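Hi everyone, thanks for making time for this. Could you bring the model up on your screens so that we can walk through it together?

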Amino acid sequence: MATKRLSSRAESSTPASPSESTESESAASRNTSVAARKSAPAVTAVEMGARQREISVSEFFTKNRHLLGFDNPRKALLTCVKEAVDNSLDACEEAGILPDVTVKLEVVANGSALVAPSQATRFRITVTDNGPGIVRQQIPRVFAKLLYGSKFHRMRMSRGQQGIGISAAGMYGQLTTGKPVKVISRTGPRAAAHYFEVQIDTKKNEPLVHENKQIEWSQPQGTEVVLEVEGRYQKGRASVDEWLEQTSIANPHVRLTYSTPEGEQKNYPRTYHELPPSPKEIKPHPYGIEFGALLKMLQDTKSHTVASFLASDFCRVSPVLAEEICKAAKLSPAIKPREVKPHAAETLYKTIQTTKIMAPPTNCISPIGEKAILSGLYKQIKGEFYTAVSRPPAVYRGYPFVIEAGLAFGKGPDEVSKPQQAAVPLAEGEDQGNDTEQARVIRYANRVPLLYQQSACATFKAVLSTTWRNYGVSQSRGALPAGPMVIFVHMASVWVPFTSESKEAIADYDEIQKEITLALREAGRRLGIFLRRRERAASEFRRRNIFELYIEEVVAACNRLKGGNLPTEKLKEQLHKIASSRTGGLKTDEALGKTGAGPEGLPHSIIVTAEGIEGEREIAENVPAPGAGPVKSVSLETAPLTKPPAKGKRTTATAPASKTRGPASREKRKAGQQELFAEAAEGKKAPARKNASKAAAATRKRT
Amino acid sequence: MAQAKPKKNGAVAKKLVGMADVVIAAAQRSKDPTFEIPIRALSNVSFNPRKGLIEMGEKKQARTFFNVGMAKKFMQTMLVADALAELQQADLTTSLREIYYRTKHTIQDSHENTFDTQDESDPIIEDLEVSLIALREELHVRAENSGSIVGPVVFGDDGDRVDCAKLGKGGYSVPSIVEPEYLEIRRCTADFLLLVEKGTQWNRLSEDKFWRRYNCVLLTGNGQPPRGVRRLARRLHEEHKLPVYVLVDNDPWGYYIYSVVKQGSINLAFESQRMAIPKAKFIGLSSADPERYELPRNVGIKLNEKDVTRAKELLNYQWFQKPAWQQEIKRMLTSGLKYELDALANKDFQYLTKKYLPRKLKEKDWLD
C-alpha cells in the first residue's frame with residue numbers, strides 16, 4: 001500500500017512541476033514508478049532532489065499560522081489588534097512621544113445584511129497612533145514582509161522582537177478576506193501623508209504594492225493601519241477588550257481610545273505623564289550566547305584579533321579580561337578571529353562560561369516602575385489596597401531582566417458599603433456570596449499583556465507556588481489564592497523567553513522563577529500587613545457588633561420567657577456595658593483607624609477606605625482627571641510630579657523608589673525627560689522632536 | 001393522666017424560665033452569663049459493666065455569652081429555650097424541624113439569620129435536654145414516626161384501642177413519644193420481642209406471620225431505631241418481661257445498632273437509663289452465619305475502608321470487650337466481607353422465616 005501511494009504521488013507531482021524536472025528525468029521517474037509497482041525501492045535520490053526546494057518564511061507561516069497566534073478566529077482578531085498596537089507603542093516610545101492610540105473595530109457586513117457583532121465573522125481593525133510615522137520607502141516591507149524589522153538584530157527591550165507580527169496579521173487578513181493592508185503614514189506636519197495598500201507575496205516573502213498615493217490626512221503625524229480579517233468578537237476572558245484594559249494597566253502613560261464593534265467608545269485616560277525611560281541597546285553578554293553563535297560571530301567580526309573581538313563585540317569584557325580569557329583558553333590573543341580553529345573555539349567557549357564576568361548592564365531595560373504600576377492598577381481596578389514591587393535587575397542566560405509585581409485587593413469602597421443597604425433575609429442554602437472567587441493573574445512581558453496559556457507561564461507557576469496563606473489570603477492546595485484580588489506580574493527584558501512564537505507564556509527559567517517569587521512575596525507581605533491591620537480593627541469592631549446584635553435577641557427571649565414583664569431596657573443596658581468592657585471599649589475606635597494613622601511599613605501602596613485614600617496619594621489623585629490633554633499640555637502636568645512630594649508625611653513612602661533605582665540616575669532621566677517635554681511644549685515642530693529625543697539621550701549619556 | 005401532665009410541665013417550664021434568670025442575674029452583677037452543658041462525646045462517657053449501661057460522665061462545658069466563638073450559640077440557646085417554653089405553655093408537641101422554623105428569623109439590621117440550617121438547632125435541643133435533665137418527650141419535641149410494630153400486644157393510644165394482632169401486615173406505626181401518659185400497654189401475651197434493623201425484613205416476617213407462629217412481637221426502627229422504638233422495646237421488656245432479640249445486617253453498623261439498643265448511645269448516654277435493654281441478645285446476622293448457613297461467598301459485600309475503620313473502633317469500645325464479641329468482629333475483618341439480611345433470599349424467599357430464625361431460636365444461637 002505504502003509503495004503504491006508513494007509512486008502515484010511521484011507521478012502526479014511530475015507533471016505539476018515540469019519546469020523543475022527535465023524531460024529525461026520525468027521519463028526516468030515514470031520508468032522507476034512502473035518498476036516500483038513490481039519491487040520495493042520507489043524513489044531515487046535524484047527524484048527526491050528534484051522535489052526538494054526552498055520554503056519561504058511566509059509559506060511556512062501560512063501553513064503554520066497557529067504558531068503566530070492565529071489558531072482560531074477569536075484569537076486571530078486579538079492577535080491582529082495586539083500586533084498593531086504593540087508596533088504603535090514601540091514606535092512612539094522610541095521616538096519619545098507619549099502615545100495616543102486609537103483602536104477601532106468594525107463589523108464588515110457580509111453581503112447586505114447587518115450582522116450583530118457577536119455573530120459577525122469579518123472585522124475591520126483600524127489602529128491609529130501619533131508616533132513618528134514610517135518613511136515611504138519602508139512601508140511596504142514593514143507591513144508585508146515577514147521577519148523584516150528593526151528589533152531582531154539588537155539587544156534592546158521592546159514589545160516586538162522578531163518582525164513577524166504585523167506582517168503576519170496582514171498575511172492572515174489577506175488569507176481570510178483577500179483584502180490588502182491599508183496604511184497611512186505621515187512623518188510630520190510638513191511631510192505628506194502616504195497611503196499604501198500592500199499585500200504579501202507568500203512565495204517570495206516580498207511585498208506587493210497595490211496602491212500608493214499621497215493623501216490629505218487630518219493627523220499631523222503618525223501611522224494608521226487598517227486590516228480586514230476574519231475573526232470573532234466575544235467579550236470576556238482573553239478578549240480584545242480585556243487585552244486593551246490590561247495594556248492600559250501596564251502602560252498608564254498611554255492614552256487609549258477604543259471603539260467596540262457595538263459602537264461603544266471606551267477611554268483609557270493617561271494617568272502617568274512620564275514616558276518610560278528609553279531603554280538602551282546592549283551587546284550580547286558572553287554567558288548568553290550558544291557555541292554556534294560564537295562561531296558565527298568569530299566569522300563576522302570586524303576586529304582583527306581575538307582579544308579585541310571579545311572586548312568589542314561583547315558587553316562586560318574589558319581588554320584586560322579578554323587577554324585573560326585568551327590565556328586561560330591557551331589561545332594567542334593576537335590571532336585573527338577567522339583563523340580560530342573550531343576545536344580552539346570550543347575551548348574558548350568553555351573558558352568564557354567558567355570565567356567570572358560581570359553581569360550585563362541593566363540600563364537596557366526599562367521597567368514600568370512602582371508608581372506607574374500603582375497608577376495603572378488604581379485606574380483600572382476597583383479595590384481597597386494596591387501595591388507594587390520592582391525587583392532589582394537580574395540575569396538569565398546572559399540576558400538582563402527585571403521582574404515587577406503588583407497587587408490590587410478588595411472590592412472597592414463603594415461595593416463594600418453596598419450590601420448594608422439591601423438586607424434581604426437569606427433562605428436556607430443561600431449564603432452571602434462568599435469570596436469563593438479566585439484571584440486573577442495578569443501577566444505581562446515587556447508591557448504587553450499575555451492572555452493565553454496561563455498555566456504554562458512561569459509567572460502563573462510562581463503565583464501558585466507562593467504560599468499566600470502566610471499573607472492572610474486563603475488558598476487551596478495547588479490553586480490560585482482565593483479572594484477579590486488581581487495579581488500583576490511583569491517581566492521586562494531584552495529577550496523575553498517565550499515558549500512559542502505566538503508569545504503567550506514565559507518559559508520557566510530558574511532565575512526568572514526565583515525573581516518572580518521574590519517580587520510576589522514582597523507584594524504579599526505588604527498585603528499581609530494591610531490585611532492584618534484591617535482585620536485587627538474589624539475583629540474588635542465585629543466582636544462588639546455581634547454582641548450588640550445578639551443582645552437584642554437574648555433580651556427579647558428572656559423577656560418572653562419571663563412572661564413579658566421584664567425591664568428590658570435595663571437588662572440591655574447592663575449587657576451592653578459588659579460587652580464594651582470586654583471588647584476594649586474606646587481602644588477599638590483607635591484600632592479602627594479613626595485616628596488617621598497612615599500606612600506605615602507599606603511602601604508603594606495605596607489604601608482606599610470609605611474615608612479616603614492613604615499611601616501614595618498623589619498617584620491616586622492623578623487618576624480621576626478625565627481625558628488628559630494633548631501631548632503639548634502634558635509637560636505642564638508633568639512638572640509637579642518631578643518635584644519632591646509636597647506632603648512631608650509621604651516622603652517616607654516615596655523614598656525607597658529612588659533607592660532601588662539609584663537616586664542619581666533617576667533624577668538624570670527625569671531631567672532628560674523634562675528637557676524633552678520642555679522643547680515639545682515650546683511648540684517646536686514635530687520633526688524636531690526626534691532630534692529632541694536624541695538630544696535627551698545625549699544629555700543622559702553626558703551626565 | 002390528665003392531672004399528671006400539668007405538674008410535670010410545670011417543672012420543665014420552670015427550668016426553662018430559670019435560664020432567663022441566669023442571664024438577668026449575671027447582668028446585674030456585671031458577669032458573663034454562663035450555662036453549664038454536659039459534654040456529649042466519647043470522652044465523657046463510661047461503660048458501667050455492672051448495670052450494662054453507657055453512662056454520662058461529669059465533664060461539662062461552659063457556654064458563655066461574651067465570647068466571640070460562643071455568642072451566637074448562646075443566643076440560639078436562648079431562642080430555643082424560649083420556643084420550648086412556648087410549647088410548654090400551649091401544651092403542644094412539635095418536631096425538631098418545626099422548632100428550627102419557629103426560631104429562625106433574620107436579626108434586625110443585618111443579614112444574619114439566627115439559624116442557617118436545622119443542623120444548628122438540633123444539637124441545641126439536645127444540649128438543653130442534657131443540661132436541664134429533661135427528656136425530649138418532656139420538652140414536647142417528637143421525632144418522626146419511623147417504626148412499626150406487629151404482634152400480640154394491645155395499646156391504648158389517645159383512648160383508642162390498638163390491637164397489633166389485627167392490623168394486617170402493615171402493623172402499628174410507633175409514635176415518637178411512647179411514655180405511659182401517651183401510650184398505654186393494655187395487654188401483651190407475646191413470648192419475646194424481635195427487633196429487626198431493616199423494614200424490608202420486618203415486612204417479610206410480618207407477611208409470613210412469623211409472629212403468630214412463634215408468638216412474638218415484631219418491631220423495626222428502619223435502620224438506627226429512633227427513641228420511640230427503643231423506649232417501647234424497653235417498656236415491653238421491663239413491664240412484660242419480654243426477652244429482646246436484635247436482628248441486624250452483618251456489618252459494623254449492625255453491631256453498633258445492637259449495642260445502642262443494649263447499652264445506649266454515646267450521644268444520648270444520659271438517656272440510656274430509660275432506653276437501654278442490657279439483656280438484649282444479638283441473634284444475627286453473625287459473621288459465623290455465612291458458613292453455618294452455607295451462604296455462598298458471592299452474596300457478600302467487600303468491606304470498604306470506612307467499614308474497616310468503624311469495626312476497629314468497635315473493637316476498642318469497652319462494651320465490646322467480651323471474648324465472643326471480639327471474635328465475632330475479628331472474624332468479619334478476616335473474611336473481609338459483610339452480609340445483608342436480604343442476602344438470605346439467595347437461598348429462598350422465605351429462608352429467613354422458615355429456616356434461619358427457627359434454627360437460631362431452636363439452637364439458642366445468639367450473642368449477649
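Predicted model: local features only at pLDDT ≥ 70, side-chain atom pairs only at ≥ 80, totals over all residues.

Residues are numbered from 1 along each chain as its sequence is written, chains are lettered from A and ligands numbered from 1 in the order in which they are written, and side-chain values use heavy atoms, with hydrogens and water left out.

Let's begin with chain A. It has 23 helices and 16 strands; helices here are DSSP runs of H or I with at least four residues, strands are runs of E with at least two, and both are numbered from the N terminus. Chain A has 703 residues, and 50% of them count as buried, meaning under 20% relative accessible area, while exposed means over 50% and partly exposed is in between, using a 1.4 Å probe and protein chains only.

Now chain B, with 13 helices and 17 strands. Of its 368 residues, 56% are buried. Chain B exposes about 16,300 Å², and carbon and sulfur atoms supply 51% of that.

How many residues of chain B are in contact with chain A? There are 40, and they touch 30 residues of chain A, where contact means heavy atoms within 4.5 Å. The area buried between the chains is about 3,000 Å², 67% of it from carbon and sulfur atoms; buried area is the accessible area (1.4 Å probe) that two parts lose on being put together, summed over both. On the chain B side, F66(B), D82(B) and H111(B) supply 23% of the area that chain B buries against chain A, more than any other three residues.

Next, helix pairs. In chain B, the axes of α2 (residues 68-90) and α4 (residues 118-132) come within 10 Å and cross at roughly 70 degrees. Axes are lines fitted to C-alpha atoms, for helices over the stretch in contact, and angles run from 0 to 180 degrees between N-to-C directions. So α2(B) is roughly perpendicular to α4(B); that label covers 65 to 115 degrees, with under 35 roughly parallel, over 145 roughly antiparallel and the rest oblique. Residues making this contact include V80(B) and L84(B) of α2(B) and I124(B) and L128(B) of α4(B).

In chain A, α8 (residues 240-250) and α13 (residues 370-380) pack at about 140 degrees with axes 7 Å apart, which makes α8(A) oblique to α13(A). Here E245(A), S248(A) and I249(A) meet residues of α13(A), among them A372(A) and L377(A).

Finally, some backbone details in chain B. The peptide bond from G284(B) to L285(B) is cis, with omega near -15 degrees, and L285(B) sits in the loop between β15 (281-284) and α10 (289-292). K241(B) is not a glycine, yet has a positive phi of about 55 degrees; this lysine is exposed at 66% relative accessibility. K364(B), in the segment after α13 (351-363) of chain B, also has a positive phi, about 50 degrees.

Methods: Areas by Shrake-Rupley, 256 points an atom, 1.4 Å probe, with all protein chains shown as cover.
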